[in-house]
Amino acid sequence: MPQEAELLAARTPARTERADAARNRRAVLDAAATLFRERGAESVTMDEVAAKAGVGKGTLFRRFGDKSGLAMAVLDEAERELQERILSGPPPLGPGAAPGPRLVAFAGAYLEFLLANLDVVRMSETASPSARYRIGAYRFWHLHARILLEGTPDPDFAAHALLASLSAVHVSALLTDLDEERVREGVARLARSLFLRS
């Protein structure tokens, strides 16, 4: 199916690197993920990540550029894991379910990924103007939703609209007034509503 091939081509590629570079990268990403989780991404410094990982600060900056680049790298693995579950996991998130239940499952799974990494995703999305839309993962999420919405009015716009409700800035703002369960229910309701004919 051409759409499946397009989705496979859009997924985030796995990294290939020397064994020592991979070990250092793993140490940095583990250190950053731990510090981000414990104290919030905004309050962690690159110096602290380098010290916890046991690498030089220069190595860290050369490899990741800045904290937003490090945040994107931390998210990379979790995004690839979610992409693999979409491509080959069990239904309804993976293949084998009807488009409506798959879209609801995707929206819910993405929201859980977002809630688990909210500070880091927010940092990566706001690193520069329109940063969220330039990253490859966004293109994958949009393409997946657009494929599922095929046959509905304007699937391209509807996919963007659903993803807008799942931006880290938006969800962070919602969580100041609503609890997580209410956000989950609202996102599922929104995903279901996209299949209502107008």
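The axes of helix H2 (residues 19–39) and helix H3 come within 8 Å and cross at roughly 125 degrees. H2 is therefore oblique to H3, since angles under 35 degrees count as roughly parallel, over 145 as roughly antiparallel, 65 to 115 as roughly perpendicular and the rest as oblique. The model is predicted, so local features need pLDDT of at least 70 and side-chain atom pairs count only at pLDDT 80 or more, while totals for chains, interfaces and linings use all residues. Residues are numbered from 1 along each chain as its sequence is written, and side-chain values use heavy atoms, with hydrogens and water left out. Helices (H or I, at least four residues) and strands (E, at least two) are DSSP runs, numbered from the N terminus.

- Two packed helices are described by the angle between their axes and the distance between the axes.
- Axes are lines fitted to C-alpha atoms, for helices over the stretch in contact, and angles run from 0 to 180 degrees between N-to-C directions.
- H2 and H3 make a right-handed crossing; a crossing is left-handed if the near helix is turned anticlockwise from the far one by less than a right angle, and right-handed if clockwise.
- On the H2 side the contact (heavy atoms within 4.5 Å) involves Ala27, Val28, Ala31, Ala32, Thr34, Leu35 and Arg39, which meet Glu48, Val49, Lys52 and Ala53 in H3.
- This contact of H2 with H3 has 7 nonpolar, 1 polar and 3 charged residues.
- For these classes, Ala, Val, Leu, Ile, Met, Phe, Trp, Tyr, Cys and Pro count as nonpolar, Asp, Glu, Lys and Arg as charged, and the others, Gly among them, as polar.

**Ala31 in helix H2**

- Ala31 lies in helix H2 and is buried, with a relative accessible area of 4%.
- Buried means under 20% relative accessible area, exposed over 50%, and partly exposed in between (1.4 Å probe, protein chains only).
- Leaving aside residues up to four places away in sequence, Ala31 touches Val49, Lys52 and Ala53.
- From Ala31 to Glu48 the C-alpha to C-alpha distance is 8.9 Å, with the two residues 17 apart in sequence.

- The H3 and H4 axes come within 9 Å and cross at roughly 110 degrees.
- H3 and H4 are therefore roughly perpendicular to each other, and their crossing is right-handed.
- Met46, Asp47, Val49 and Ala50 are the H3 residues that meet Lys57, Leu60 and Phe61 in H4.
- By class, the contact of H3 with H4 consists of 5 nonpolar, no polar and 2 charged residues.
- The axes of H2 and H4 come within 12 Å, crossing at roughly 95 degrees.
- That angle makes H2 roughly perpendicular to H4.
- In H2, Ala21, Arg25, Val28 and Leu29 meet Leu60, Arg63 and Phe64 of H4.
- The contact of H2 with H4 has 5 nonpolar, no polar and 2 charged residues.

**Salt bridges**

- The whole structure holds 10 salt bridges, each being a side-chain nitrogen of Lys or Arg within 4 Å of a carboxyl oxygen of Asp or Glu.
- One of them joins the side chains of Asp47 and Lys57, at 3.3 Å from N to O.
- This pair links distant parts of the chain, with Asp47 in helix H3 (residues 46–53) and Lys57 in helix H4 (residues 57–64), 10 residues apart.
- Asp47 is partly exposed at 44% relative accessible area, and Lys57 is partly exposed at 42%.
- Arg85 and Glu81 meet through their side chains in a salt bridge of 3.6 Å, N to O.
- Arg85 and Glu81 are 4 residues apart in helix H5 (residues 67–88), so about one helical turn separates them.
- Both ends are partly exposed, Arg85 with a relative accessible area of 36% and Glu81 with 40%.
- Glu112 forms a salt bridge with Arg184, with the closest N and O atoms 2.4 Å apart.
- Here too the pair links distant parts of the chain: Glu112 is in helix H6 (residues 99–116) and Arg184 in helix H12 (residues 180–193), 72 residues apart.
- Glu112 is partly exposed, at 35% relative accessible area, and Arg184 is partly exposed at 25%.
- A network of salt bridges links Glu112, Glu180, Glu181 and Arg184.
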